Amino acid sequence: MAEPKVNELMEKIVSLCKRRGFVFQSSEIYGGINGFWDYGPLGAELKRNVKELWWTTMTRQREDVAGLEATIIMHPQIWRASGHVDTFCDPMCDCLLTKKRFRADQIDAQSGNAYHYTGAKDSASGKEIVEPYAVLLPAGKPPESARKTASQFYQLRGLQNVELLGERTEKVENSTRYNPENGSLLTEPRPFNLMFKTYVGPVESEEGIAYLRPETAQAIFAQFKNVLETSRQKVPFGVCQVGKAFRNEVTPRNFTFRSREFEQMELEFFIKPDEVVEAISGSVAVVDETKHPGEPQPNWGWKAWHTYWVEERVRFYENIGLSRETLGFHRQTPEELAHYARACVDILFKFPFSKRDEQGNVLGDELEGIAARSDFDLSQHERFSGKPMGVFDDELRVAWAKLDDAKKQELSDRYYNARLKYLTKVNKSDVPVEKLEKDAKEDAEGLAKGQYIPHVIEPSAGVDRLILALISNAYSEVTSTDEKGKSETRVIMKFHPRVAPFKVGVFPLLKNKPELVKRALEVRDLLRPHMNVFYDDGGSMGKRYARQDEAGTPFGVTIDFDTLGEKGPELLDTVTLRDRDTSKQERVKISDLLPLLLGKIR
Ligand code: GAP
């Protein structure tokens with residue numbers, strides 16, 4: 001079975017990324033390293049703009065979010081508490097013939113006839129190997145092909161003149177036990193922990209084992225109390241972080257989409273448990289989960305906050321040029337949810353490699369997940385570190401005292417049950433039930449004193465996936481035909497001006513006219529403190545525009561003889577301003593240029 005043909009558009013995008021310096025293969029001169037990518041001059045600028053916009057939107061423009069920048073390597077207990085040491089695994093299997101590794105849950109199901117063998121013997125030496133093996137062939141393919149593959153399998157195990165033993169056939173429907181590329185049987189799936197291990201200190205011993213963080217989120221939970229105490233925030237509030245994450249993915253794929261080193265932009269937004277909201281506000285708001293619920297309200301429970309953050313994140317994407325039509329949404333089913341999550345909505349982007357449904361609609365792949373993580377993480381860090389992770393909320397203490405006994409009982413019962421459920425789940429059968437009940441009771445009694453462990457809503461986005469989405473979204477081609485009938489196709493990267501690597505190109509009409517160059521450099525220096533400017537004096541104007549179109553620069557400013565007033569005083573100190581997407585040019589006074597451009601790029 002042939003390797004599926006890589007999407008043609010994706011090939012063009014990958015080639016443009018290299019040719020124009022958006023993305024390079026890491027360590028390319030040594031043949032590259034699978035799952036690692038470098039960002040070239042344009043990619044680095046694009047990435048910086050995206051991270052800066054995320055940070056500004058999520059922190060600087062909000063009253064209720066503070067920032068954090070934590071280390072990549074942290075105490076290994078963090079990853080035990082979070083569950084990563086035990087459960088951050090993908091099922092992995094290998095092709096028994098080629099040793100190629102697959103993620104068992106990503107193998108396309110195959111149907112056909114399976115040819116099973118009990119073993120093989122060498123017809124010359126009589127040596128026998130008793131090792132079952134099987135090959136799957138699509139219906140109609142001659143059995144010889146299976147025998148050839150099986151013979152190769154036993155040859156690799158030391159037989160030269162292979163005589164296959166015990167052949168039997170079986171009809172197989174939708175099986176993921178065979179390599180889709182050659183039909184060979186795969187090994188049984190086994191869990192593979194995705195964390196990269198390293199050693200801290202000079203001795204490579206068990207005690208020195210540490211992990212490269214597989215997500216930025218855990219540092220936020222571990223530093224929750226420090227941020228709370230130093231930022232003067234009160235629940236509800238969030239802590240956000242942008243930084244590297246590492247996962248030893250079994251099969252990195254689709255260019256940068258699934259990498260082994262990547263960056264995340266994560267917000268952990270801490271909220272009051274619903275019982276606390278109800279005690280303070282009398283009831284918990286019921287929201288329509290299909291639309292933005294508006295400005296945050298004191299009576300919002302986790303569902304309202306979850307809906308709010310999904311919609312806020314969609315607005316962010318719209319603001320940088322990804323329209324709703326380019327996005328998709330996936331509400332995770334209970335089976336798909338991570339062990340800690342109550343709900344999770346994935347925001348998808350329709351990548352060129354995304355699969356289609358039966359009607360031919362592109363489904364999209366995950367750009368960001370917005371999870372409602374309950375109080376799992378803070379509770380786990382409290383349990384593992386022995387340090388209290390709860391908060392004291394005087395508003396709750398005062399409100400609780402005013403509740404009637406029936407309401408107190410109802411809310412504390414609900415809180416008790418939620419805590420008992422959590423404690424039972426994480427302690428399994430290691431702790432006696434009576435002890436768990438006692439701990440849950442103490443937690444519920446804390447409500448009256450104004451104490452609780454905050455819940456969390458987590459919008460978690462991948463920088464590299466967003467960059468790939470922006471590049472895919474921006475890619476467009478225009479074909480023009482000249483008078484001689486020769487047609488030429490050019491690429492225009494239609495980045496939203498907010499994210500474009502360079503905002504404006506500045507061009508002197510001729511580079512050998514000192515007056516033009518002088519004026520062009522003055523314009524460059526006027527704009528440069530406020531935006532990223534690309535100065536280009538090489539080649540024809542058409543070539544320079546085309547280069548900037550390919551880099552995605554939304555505006556071009558040309559300084560010509562009119563600027564110098566050679567055609568009359570009315571055009572003195574004016575320039576042409578060209579729009580990348582329409583190619584339209586307008587004459588603008590240099591003194592108006594900065595406010596005009598600032599208005600367009602912000
Ligand atoms: N703290 C939650 C968390 O890490 P996740 O869904 O595993 O959740 C969040 O990751 C985001 O990180 C994803 O939506 C994706 O954008 C990005 N991401 C995850 N694994 C990635 C990988 N191997 N390569 C590139 N981006 C990745």
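Mentor: Happy to. Let's begin with an open sheet of 5 strands, ordered β26-β25-β27-β28-β29, with mixed pairing. Keep in mind that this is a predicted model.

Trainee: Which strands are at the edges of that one?

Mentor: β26 (533-535) and β29 (585-589) are the edge strands, and each of them pairs on one side only.

Trainee: And how much are neighbouring strands turned against each other?

Mentor: On average by 25°, ignoring direction.

Trainee: Can we zoom in on one pair? In what sense do β27 and β28 pair, parallel or antiparallel?

Mentor: Antiparallel: β27 (residues 555-559) and β28 (residues 574-579) are joined over 4 bridges. If you want a landmark, find Thr 558, whose bridge partner in β28 is Thr 576.

Trainee: Nice. Which helices go with this sheet?

Mentor: Helix α15 (residues 514-527) lies across β25 (504-508), β26 and β27, and runs at about 165° to β25. Helix α16 (residues 541-551) packs on the sheet as well, touching β25, β26, β27, β28 and β29, and its direction makes about 165° with that of β25.

Trainee: Okay, new topic. What's the strand order in the sheet of 7 strands?

Mentor: That open sheet goes β3-β15-β16-β22-β19-β18-β17, and its pairing is mixed. β3 (65-67) and β17 (327-331) each have a single partner strand, so one side of each is left without a neighbour in the sheet.

Trainee: How many bridges link β15 and β16?

Mentor: There are 10 bridges, in the antiparallel sense, between β15 (residues 237-246) and β16 (residues 261-271). One to look up is Phe 246, which has Glu 261 in β16 as its bridge partner.

Trainee: Which helix touches β3, β15 and β16?

Mentor: Helix α7 (residues 224-231) packs on the sheet there, and its direction makes about 135° with that of β15. Helix α14 (residues 463-474) lies across β16, β18 (343-349), β19 (365-374) and β22 (455-462), running at about 110° to β16.

Trainee: What's going on at the peptide bond from Val 235 to Pro 236?

Mentor: That bond is cis, with omega near 5°. Pro 236 sits in the loop between α7 and β15. Look for Ser 27 in the loop between β1 (23-25) and β2 (37-39).

Trainee: Let's switch to helix packing. At what angle do α10 and α12 cross?

Mentor: The axes of α10 (residues 376-385) and α12 (residues 405-427) cross at roughly 60° and come within 12 Å. The two helices are therefore oblique to each other, and the crossing is right-handed.

Trainee: Which residues meet there?

Mentor: From α10, Phe 376, Ser 379, Gln 380 and Arg 383 meet Arg 419, Tyr 422, Val 426 and Asn 427 of α12. By class, that contact has 3 nonpolar, 3 polar and 2 charged residues.

Definitions and conventions:
Residues are numbered from 1 along each chain as its sequence is written. This is a predicted model: local features need pLDDT of at least 70, side-chain atom pairs count only at pLDDT 80 or more; totals for chains, interfaces and linings use all residues. Side-chain values use heavy atoms; hydrogens and water are left out. Axes are lines fitted to C-alpha atoms, for helices over the stretch in contact, and angles run from 0 to 180 degrees between N-to-C directions. Angles under 35 degrees count as roughly parallel, over 145 as roughly antiparallel, 65 to 115 as roughly perpendicular and the rest as oblique. A crossing is left-handed if the near helix is turned anticlockwise from the far one by less than a right angle, and right-handed if clockwise. Contact means heavy atoms within 4.5 Å. Ala, Val, Leu, Ile, Met, Phe, Trp, Tyr, Cys and Pro count as nonpolar, Asp, Glu, Lys and Arg as charged, and the others, Gly among them, as polar. Two strands pair if DSSP finds at least two bridges between them.
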